[in-house]
Structures are given as structure tokens and as C-alpha cells.
Amino acid sequence: MADTKHIPKSPQTVPDAKTLSTSEGKNIPVSKSVDSVIQADESYRMDFPERGVCVLVNNKNFHPATGMAHRSGTDADAARIIDTFRTLGYTVKPYNDLSCKQIIDVMQNVARDDHSKRSSFACVLLSHGEDGLIYGTDGPLELKMLTSIFRGDRCKTLAGKPKLFFIQACRGTELDSGIETDSSPDENMCQKIPVEADFLYAYSTAPGYYSWRNSSDGSWFIQSLCIMLKQHAKKLELMQILTRVNRKVAEFSSYSNQPGFHGKKQIPCIVSMLTKDFYFSH
């Protein structure tokens, strides 16, 4: 059964979405093995003089033309991120209410920095969103365009180093009502879990779904991420930590007076293209 201590009773939880809705082919060339060029070490180097920069974009207020609601509770998320990533050794650069152009400018300026003495890079985006999009205060941006600014051929001093993006935003308008399972430790109780749980694909939610945020405590994903990082960053590998984040977020349920929006679930989505294990403590 979900831990009722984590079910926000008041104020209400709201999704990070624009509106609340009720519901020719080419041959792929055969590639050669590159095993011979992969280094023998299995973990990223974290012993550079600096841990790295963490860029935080916290968008709360939006231009009326976007139709986007005020994101109450996001400042609580931002405060947690600043505290957590500073604890992890990052230099946190926070920005509030950035337009699309301002977000691009910030990312490009950071990508031009010399990161040769840094172990990694982190970026946290707090805003409204849709699948593949994140919102500036004046409209949407393609996430792929933002992350590509840090590609190895464009930001050479971060080439071969981990680049971490944590995104708190909706990815659609589907609602996860959860599903009953008999896997609860208590044999007399059924546990309700998100329908998209237990897939291995950090986004705050699965593709197509709402992402929930408490209007005073912040989003389920950022709360859980910061708690798990503080508890486990000294001993566990990043993917292990994010799996625990998934489990913690899955314990939450929405509380809403709006018909159809009460008792909903959420599961984060982890897409990793890292080539080595990532340990903050190494």
C-alpha cells in the first residue's frame, strides 16, 4: 500500500501542463565493433579539481499568451536542488523565469566555458512541458535542441564526461490511475502502483503523462530525487539511486477537487546513454 504519509492532503497537487483536459526508409549500415577503443575502467573519473557546474532553470511565471498557469511550489523544488547539488560539490547557477531565447543563451554560454578541470555537468529544468518540449516563459523549446548544445563535438571540454539532465515537466495529458497488485509485503493488502512502472527506459514522468507538483511542497520527482541523492550519493551508482527515486515517486497519489484528477499516480522515466558507472563519491 502506498505510504499515506507521502500522500499530499492539502494544498492540492497540480500537473505541470498547459491545460487540464478530462481526459522513407534507409538501410542501416552494419557497424564494426568498437570494444577495442573503450577504456578498461568502468566508472567515470570524478577526481578532477572541480565537480562541475549545475545549471538550474526555474520557470514559475508565464506570458498570458502561452496559456500557462503559475507554477506554485516550484520555488521549493529550486531550493532543494540548490542545497542538494551544492552538497554534492557542484557550483549551482540558478536562473528564474527565463524566456526561450534566454534559456538558449544560458546554455550556450555555459557550453563555451572551459570544463577541462571539471568532472561532469548537470542541468535541472523546472517548467511546464509536453513530450519533447520544455517551456520558456514565452513558449516551447525542443529539449533535444537544448541538450545537443553539450554534444561532444560542440562542447569539447565535456567530451567523454557525464552530462546529467533532470527535467520536471509534463510530457502529455494522460492520467495514470494506477493498478492494484498483490505484491504488497502485507498479504492482506493490495498495493496500487503506476501503470507505467517497472520499465527500464531523468524525466519526471513517462512519455505522454502528467507530472504532478504540490502547490507548497513542490513536485514529487524533485522531492524524491533530492532525498535519494542525499541518502545514497556516497555509496550507490546513479542508476541505482534513480531506481529508488522511481519507487519513492510511485508511492505518491494526487489530491484534487477536480473530477478525474484525484488519486492519480506517476512514474519517472530514466533514459541513460552513459557509457560508464557514475558515482558521485569517486
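Trainee: What makes Lys-161 count as lying over the face of Phe-48?

Mentor: In this predicted model, Lys-161 is 4.3 Å from the ring centre of Phe-48. The cut-off for a charge over a ring is 6 Å, together with a limit of 35 degrees from the ring normal, so Lys-161 qualifies as lying over that face. Arg-45 also lies over the face of Phe-48, at 4.1 Å from the ring centre.

Trainee: Why is the pair of Phe-278 and Phe-280 called edge-to-face?

Mentor: Happy to walk you through that one! By the ring-pair rule, there are 13 aromatic pairs. In the pair of Phe-278 and Phe-280, the centres are 4.8 Å apart and the planes make 85°.

Trainee: How do you know that the length of helix H1 agrees with its residue count?

Mentor: H1 has 14 residues, 74-87, and at 1.5 Å a residue these should span 20 Å. The end C-alpha atoms are 20 Å apart, so the two agree. Among the buried residues of H1 are Ile-81, Ile-82 and Phe-85. After H1 comes Gly-89, with a positive phi near 100°.

Trainee: Why are H4 and H5 called oblique to each other?

Mentor: H4 (residues 220-232) and H5 (residues 238-249) pack at about 135°, with axes 9 Å apart. Roughly perpendicular covers 65 to 115, and roughly antiparallel needs over 145, so H4 and H5 are oblique. Their crossing is right-handed.

Note on methods
Residues numbered from 1 in each chain as written. Predicted model: local features only at pLDDT ≥ 70, side-chain atom pairs only at ≥ 80, totals over all residues. Heavy atoms only, no water. Helix = DSSP H or I, 4+ residues; strand = E, 2+ residues; numbered from the N terminus. Expected span 1.5 Å × (residues − 1). Buried < 20%, exposed > 50% of the residue type's maximum accessible area, 1.4 Å probe, protein only. Phe/Tyr/Trp six-rings, centres within 6.5 Å; stacked < 30°, edge-to-face > 60°. Axes fitted to C-alpha atoms, helices over the stretch in contact; angles between N-to-C directions. Parallel < 35°, antiparallel > 145°, perpendicular 65-115°, else oblique. Left-handed = near helix turned anticlockwise from the far one by under 90°.
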